[in-house]
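Subject: Structure handover

Hello,

Please find the structure below, with the sequence alongside. My notes on the ligand site and a few elements follow.

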Amino acid sequence: MNSRVAAKTLSTKELQTLDSAHFIHPFTDHADLATRGARVITRGEGIYVWDSEGEKMLDAMSGLWCVNVGYGRKELAQAAYDQMLTLPFYNSFFQTTNEPAVKLAARLAALAPKVDGRSFEHVFYSSSGSESNDSNVRMVRRYWDLLGQPQRKVIISRHNAYHGSTMAGASLGGMSGMHAQGDLPIPNIKHIGQPYYFENGKAGETADEFGLRAARWLEDEILAIGQDKVAAFIAEPIQGAGGVIIPPATYWPEIQRIVDKYGVLLISDEVICAFGRLGHWFAYEKFGYKPDLVTFAKAVTSGYVPLGGVMVGDRVAKVLIEKGGEFNHGYTYSGHPVSCAVALANLDIMEREHLPQRVHGEVGAYFAKRYAELNDHPLVGMAESCGFVAGLVLLKNKQKRERFNPDDAVGMICRGHCFRNGLIMRAVGDRMIIAPPLTMTHADIDELLRLIRHALDLTQHDLHQKGLF
Ligand code: PXG
């Protein structure tokens, strides 16, 4: 494309043609996309986005689980502008640092709650969740090397987990479709089952009983591999991309007991769950466990600019710093001044507007109550939420808990009805999920629930016509 084209305002059709000619999208079937043309999102304000045809949509996915403060925040733009003029970039490799990165690290350390005297005084920066989890692999292995236990290499994760899309991120994740492309997982990554009660609970087993059973799969795996070979366990507090899988209350305490018993490091991947999403700054506080490393990204800047990182707990930091010498790892953009300046301004908004507290308190309770009402819909099984993430499963027969045939792609049918009717909701197989901005008011929540119910009604009608329901 020449520069004249770049300067001109393009029609939707022109943009779509250029898009399929030049832009390889993430996780997309390009041949399929070329037949329909990508939807062009042009602007956002508050909880809404608009496309190039002027359609307004309530963005119940906060972009991609990240725009926690909503769209159109001028002070985030101002923070980026000011920082770009002052110092757009400098590296933090050769014994240099910059003011926003330092201030942000100290602020994150102060926000991360201490559990049983364990604290997070240190931060390692990256630009994304995937990179952060790569850093976790490097850090965990370095830790055990420094302690004279280099054989402790195996990191245990879970099926249907999502930890990113780099080689290590995709390997840590438990998505079979991702593993099938490119010889993944890389060596020394193992997976256990996920704590999905609806799917894996046995007849007559309570959710709490199932939670204990699912946690003990970790103990079985540690014993099968050999305790002296296991470096860490990594998990999302609630699985996000896997379909908003909320573990039973017994799960996390039992996981804590097991990692403590075998001395295994615990990595809490909070790329989705931190920064108010579950009503706390960090999600481990919600579930009361004690991670050694916490992955963050996304909402640290509300997605306005890329930033990720790892909160490094005392146990690991002490060894890395006191015994470590040089850690041969880092990124050009580790501690990027513009990203860190935007993150600071984003945390200002979250604090000023008490966003985690709103989710934790009355607004979150209202959302939970309204969302749970969806359980009375004929298509819906197990509509449940935690903070501002929520999921439900579409059921063919509610009384018999019968699922749809995966080939019928009912989730995609429902997602289509959402999109055409002004709602962005995500489908993961037959699960419909949301993670709305934390700024939602009662009126916004009412509107969201009206839109979801309308889309479910249309889906039911459609499936009925197709003979599927
Ligand atoms: N960990 C978790 C828990 C995530 O949710 C990542 C790591 C990777 O972050 P980056 O910034 O490298 O993408 C994520 C990202 C989806 C979807 O379909 C979810 C994510 C990314 C893309 C799509 O729900 N989460």
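A residue counts as buried here when its relative accessible area is under 20%, as exposed when that area is over 50%, and as partly exposed in between. Please keep in mind that this is a predicted model.

Helix H19

By that cut-off, the buried residues of H19 are Asp-444, Ile-445, Leu-448, Leu-449, Leu-451, Ile-452, Ala-455, Leu-456, Thr-459, Asp-462 and Leu-463. As background, an α-helix has 3.6 residues a turn, so residues three or four places apart point the same way.

The helix runs over residues 442–465. Its 24 residues should span 34 Å at 1.5 Å a residue, and the end C-alpha atoms of H19 are 35 Å apart, so the two values agree. After H19 comes Gly-467, which has a positive phi near 75°.

Asp-462 deserves a separate entry. This residue of H19 has a relative accessibility of 17%, and because the cut-off for buried is under 20%, Asp-462 counts as buried. Its side chain makes a polar contact of 2.8 Å with the side chain of Lys-466.

The ligand site

Which residues are closest to the ligand? Of the 16 residues that surround it, the closest are Trp-65, Gly-129, Ser-130, Asp-269 and Arg-426. Sorted by class, the shell holds six nonpolar, six polar and four charged residues.

- Arg-426: a polar side-chain atom is 2.2 Å from an oxygen atom of the ligand.
- Trp-65: a side-chain N or O atom is 2.8 Å from an oxygen atom of the ligand.
- Gly-129: a backbone N or O atom is 2.9 Å from an oxygen atom of the ligand.

Taken alone, the ligand would expose 540 Å², and the protein buries 84% of that area.

As for where the shell comes from, domain 1 (39–69 + 357–465) and domain 2 (78–352) each contribute at least three residues. Helix H4 (62–65) and helix H7 (129–146) each give at least two. The largest share, three residues, is from H7.

Helix H7

From first C-alpha to last, its 18 residues reach 25 Å, close to the 26 Å expected at 1.5 Å a residue. Is H7 largely enclosed or largely open? It is largely enclosed by the rest of the structure, because 13 of its 18 residues are buried.

Where H7 starts, a side-chain oxygen of Ser-128 comes to within 3.5 Å of the backbone nitrogen of Ser-130. Ser-130 is also one of the closest residues to the ligand. Just after H7, Gly-148 has a positive phi of about 75°.

Leu-147 sits in the loop between H7 and strand E5 (154–158). With a relative accessible area of 30%, Leu-147 is partly exposed. The C-alpha atoms of Leu-147 and Gly-324 are 9.8 Å apart, although 177 residues separate the two in sequence.

Strand E9

Leu-293 belongs to strand E9 (residues 293–296). Its relative accessible area is 0%, so Leu-293 is buried. The C-alpha atom of Leu-293 is 7.6 Å from that of Asn-136, and the two residues are 157 residues apart along the chain.

Regards

How values were computed
Residues are numbered from 1 along each chain as its sequence is written. This is a predicted model: local features need pLDDT of at least 70, side-chain atom pairs count only at pLDDT 80 or more; totals for chains, interfaces and linings use all residues. Side-chain values use heavy atoms; hydrogens and water are left out. A residue is near a molecule or strand if one of its heavy atoms lies within 4 Å of it. A polar contact is a pair of N or O atoms within 3.5 Å; within protein, one must be able to donate a hydrogen and the other to accept it, and residues adjacent in sequence count only if both atoms are side-chain atoms. Accessible areas come from the Shrake-Rupley method with a 1.4 Å probe; for residues, only the protein chains shown count as cover. Helices (H or I, at least four residues) and strands (E, at least two) are DSSP runs, numbered from the N terminus. Ala, Val, Leu, Ile, Met, Phe, Trp, Tyr, Cys and Pro count as nonpolar, Asp, Glu, Lys and Arg as charged, and the others, Gly among them, as polar. Domain bounds come from an automatic or database domain assignment. The expected span of a helix is 1.5 Å times one less than its number of residues. Buried means under 20% relative accessible area, exposed over 50%, partly exposed in between (1.4 Å probe, protein chains only).
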